[in-house]
Structure formats: structure tokens, C-alpha cells
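Hi,

Here is the structure I said I would pass on. Have a look at it first, and then read my notes below.

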Amino acid sequence: MKFVPLLTATSLALSALAASAQVAAIDSSALREEAKGIFEAIPETLTAIKQTEENPGGVPLTAEKIELGKALFFDPRMSRSGLISCQTCHNVGIGGVDGLPTSVGHGWQHGPRNAPTMLNAIFNAAQFWDGRAPDLAEQAKGPVQANVEMSNTPEELVKTLNSMPEYTEAFKAAFPDQQDPVSFDNFAAAIEQFEATLITPHSAFDRFLTGDDNALNEQQKRGLQAFMDTGCTGCHYGINFGGQDYHPFGLIAKPGADVLPVADKGRYEISLTASDEYVFRAAPLRNVALTAPYFHSGVVWDLKEAVQIMSSAQLGTELTPEQVDDIVAFLGALTGEQPQITHPILPARTDTTPLPAPM
């Protein structure tokens with residue numbers, strides 16, 4: 001008699017039963033209710049932004065501001081070289097990023113940090129890795145003036161805009177109540193309105209959260225459960241799965257200097273407070289499967305490796321290989337419908353439009 005096949009068959013049967021028990025243990029309704037206490041679904045559209053208790057209606061989005069902001073977002077002439085636009089580092093066709101460890105700016109310089117995605121950035125409590133900009137309008141002003149990015153000035157940018165009649169008319173239409181609507185502030189406000197349209201609803205997770213039990217497969221459901229059970233939600237919660245608060249990178253164990261460069265001390269550079277050393281805004285995880293490389297240093301290209309680093313650095317635990325695979329599978333379910341943006345036809349330059357400066 002040959003016992004090995006029988007034992008093998010028995011082992012396989014027991015494994016299958018264990019797997020079935022594990023799957024059966026996932027109650028979709030209970031999982032959904034637990035998730036609803038932590039996360040929100042991305043809405044299909046936005047009609048207003050910057051709602052507060054004092055102004056619950058917020059700032060309405062208008063077609064005129066959105067269309068103007070779209071043109072400005074794509075126009076490389078907003079940079080000193082005439083080569084770099086917002087779209088250069090926040091490409092809406094590849095997840096709102098440029099796919100580089102750190103972006104290349106004026107003079108072919110490399111920026112100090114990885115460019116965060118602009119998709120769903122409207123839902124973040126603040127912008128940039130260190131949160132130094134309170135909203136997208138202030139964020140839009142930063143790269144324009146940074147020597148390592150667009151290397152322009154507000155005065156030169158306004159001069160460029162005023163040199164093209166199509167832009168001056170577009171600003172008048174977008175800001176009809178202002179006597180002199182072409183301004184750096186209005187440039188930023190228009191870009192903010194366009195970026196507020198760059199949202200990604202209807203992800204598999206959102207469909208699950210709103211009642212579709214079959215939107216997530218069983219591995220993704222296990223991943224969602226593990227994401228909540230292991231403590232990932234301590235930093236990654238809310239509508240954007242992050243972007244709401246600040247946390248030390250290396251809360252339990254600091255990663256290596258390649259992942260956490262010693263010279264970049266995060267929010268400390270803004271606050272000069274010792275407790276803010278190596279503190280960064282928690283990265284939003286919406287569409288994270290599209291936005292490699294990861295972390296502010298942009299050195300990790302594999303999402304699985306990023307999850308493993310986070311588990312040891314932030315949670316002080318080593319996830320099992322199965323947990324890592326399940327969480328990565330779940331994170332893939334956060335990819336929503338990508339915005340379909342037609343590249344605008346931009347105003348033609350005139351004889352008074354400033355010439356581009358050499359890179």
C-alpha cells in the first residue's frame with residue numbers, strides 16, 4: 001500500500017477546509033460597518049470646497065475658474081524656462097505623479113522630495129509632505145517660486161498672463177467682481193478649483209463601502225481586515241486614507257538612511273520644534289498602486305516592500321507574508337476611476353510675452 005498519496009490528499013483537504021473557514025470568517029456586513037467608522041467613499045463630484053463651520057456652503061466651484069485653472073495647470077510658460085508646468089510633476093495620466101524618485105526642475109536640478117499625487121489632494125488637511133501649505137491654492141504658489149522647480153516670480157508670471165489677451169479675458173470671466181483679476185492669488189485659486197475636479201470615485205473599496213459585497217474579492221477583504229486590525233489606520237484613515245495628520249517616520253524603529261535621509265527632518269524645518277524632527281504628513285493611500293516610488297525619499301518602488309517597512313518602522317511588528325500580500329491586494333482596491341482630462345489648447349504668445357530663460 002502507498003500511504004503518501006493518501007496523506008497528501010488528506011493534507012490538501014485539511015488545508016482547503018482551513019482556507020474555507022478563513023474565508024467564511026469574513027462577514028462582509030460587519031467588515032463594512034467597521035470600515036465605515038474609519039473611512040469615507042470618494043464622492044462622484046464636488047460642487048464646493050473649503051467648507052467650514054462658519055461657512056458651511058464653502059467656496060463654489062465654477063466652470064470659468066475650473067477651465068482657467070486647467071489651462072494654467074498645463075501651461076509650461078508659467079515657469080521661467082517655459083518648459084515646466086504643474087502637469088510635469090503631477091501627471092494626471094499616470095496617477096498624478098511623475099514616476100520619479102524626486103522631480104527634475106529648473107536647471108535640471110532634482111527636488112529634495114518625491115512629488116505627491118494631486119489626485120484627491122483636495123481632501124488632504126494640508127499640502128506637501130511637511131504640511132506647510134494649508135490648501136491647494138497656497139500649494140500652487142510654492143513650485144512656481146522655488147528655484148529648484150519652476151524658478152519664476154509672481155511678478156513675471158502676472159506679466160506673462162497679461163501679455164496674452166485670451167488669458168486676460170479668461171480671468172475677467174472667472175473673477176467678474178474684481179477690477180484687476182489677473183493676479184498671483186487668482187492664478188492659484190483657479191488652479192485649486194481645477195485640481196478639486198481631480199478626484200477618483202468608484203474604486204472597488206468605495207463600491208464595497210456603499211453596499212456591494214462582491215466589489216472586493218476575499219483576499220482584499222482579508223487585507224482590509226488586516227489593515228484595520230494591525231494598526232495601519234492609526235495614520236491612514238478618513239476619505240483619503242491619510243493626509244490628515246502628522247506622524248514621526250520611524251515611530252518604533254527608524255528605517256535606513258536611504259529611506260529616511262538624515263538631512264531631511266520633515267516638519268522640523270517649518271516649526272523648528274525638536275519634537276517635529278522626522279515628522280511628516282501621513283501619505284494618502286488612494287491610488288497608491290499607481291504612484292510608485294514611495295515615501296518622501298522616493299526610493300522604494302515595490303508596494304509590498306513599502307508595506308513591510310511601514311509595519312516594522314511604524315507598528316513595531318513583522319507582518320506575516322500572507323498579511324502583507326493581503327494588504328497589498330486591498331491597497332490595489334483603492335484605485336478609483338481616473339479623471340479623463342483633455343489637454344487644453346493654450347493661448348498663443350504675443351510680442352510682449354516674456355521669452356523663456358535658458359535651463
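This is a predicted model: local features need pLDDT of at least 70, side-chain atom pairs count only at pLDDT 80 or more; totals for chains, interfaces and linings use all residues.

Residues are numbered from 1 along each chain as its sequence is written, and side-chain values use heavy atoms, with hydrogens and water left out.

By cavity I mean a set of points, on a 1 Å grid over the protein atoms alone, where a 1.4 Å probe fits but cannot get out; a pocket is an open set with protein on both sides within 12 Å along at least five of seven lines, and lining residues have an atom within 4 Å of a point. Grid points are joined across faces, edges and corners, and a volume is the space filled by probe spheres set on the points.

Back to that second largest cavity: its lining includes I84, C86, H90, A140, V144 and E149. Helix α5 gives the most to this lining, with 4 residues (helices are DSSP runs of H or I, at least four residues, and strands are runs of E, at least two, numbered from the N terminus).

The structure holds 2 cavities of 30 Å³ or more, and the largest cavity has about 690 Å³ of space. Of the 39 residues lining the largest cavity, H236, A283, L285, F295 and M310 lie nearest its centre. The elements giving two or more residues to that lining are β3 (246–248), β4 (279–281), α12 (303–315) and α13 (321–332), with the largest share, 7 residues, coming from α12. By class the lining of the largest cavity is 26 nonpolar, 11 polar and 2 charged (Ala, Val, Leu, Ile, Met, Phe, Trp, Tyr, Cys and Pro count as nonpolar, Asp, Glu, Lys and Arg as charged, the others, Gly among them, as polar).

The largest pocket has about 420 Å³ of space. It is lined by 24 residues, and the closest to its centre are R113, P116, F128, R132 and E149. That lining splits into 10 nonpolar, 8 polar and 6 charged residues. R113 and R132 also belong to a network of salt bridges with D130, D264 and E269 (a salt bridge is a side-chain nitrogen of Lys or Arg within 4 Å of a carboxyl oxygen of Asp or Glu).

**Other salt bridges**

The count comes to 17 salt bridges. In one of them, the side chains of D213 and R32 meet at 2.4 Å, N to O. D213 sits in the loop between α9 (204–209) and α10 (218–229) and R32 in helix α2 (residues 28–36), so the pair ties together parts 181 residues apart in sequence. R32 is buried, at 8% relative accessible area, whereas D213 is partly exposed, at 31% (buried is under 20%, exposed over 50%, partly exposed in between, with a 1.4 Å probe and protein chains only).

**The cores**

The largest nonpolar core has 42 residues, and L68, L72, M78, L161, Y167, F171 and F187 have the most contacts inside it (a core is a set of buried Ala, Val, Leu, Ile, Met, Phe, Trp, Tyr and Cys residues joined through side-chain atoms within 4.5 Å). Another core, of 40 residues, lies apart from it, with F208, A226, F249 and A313 among them.
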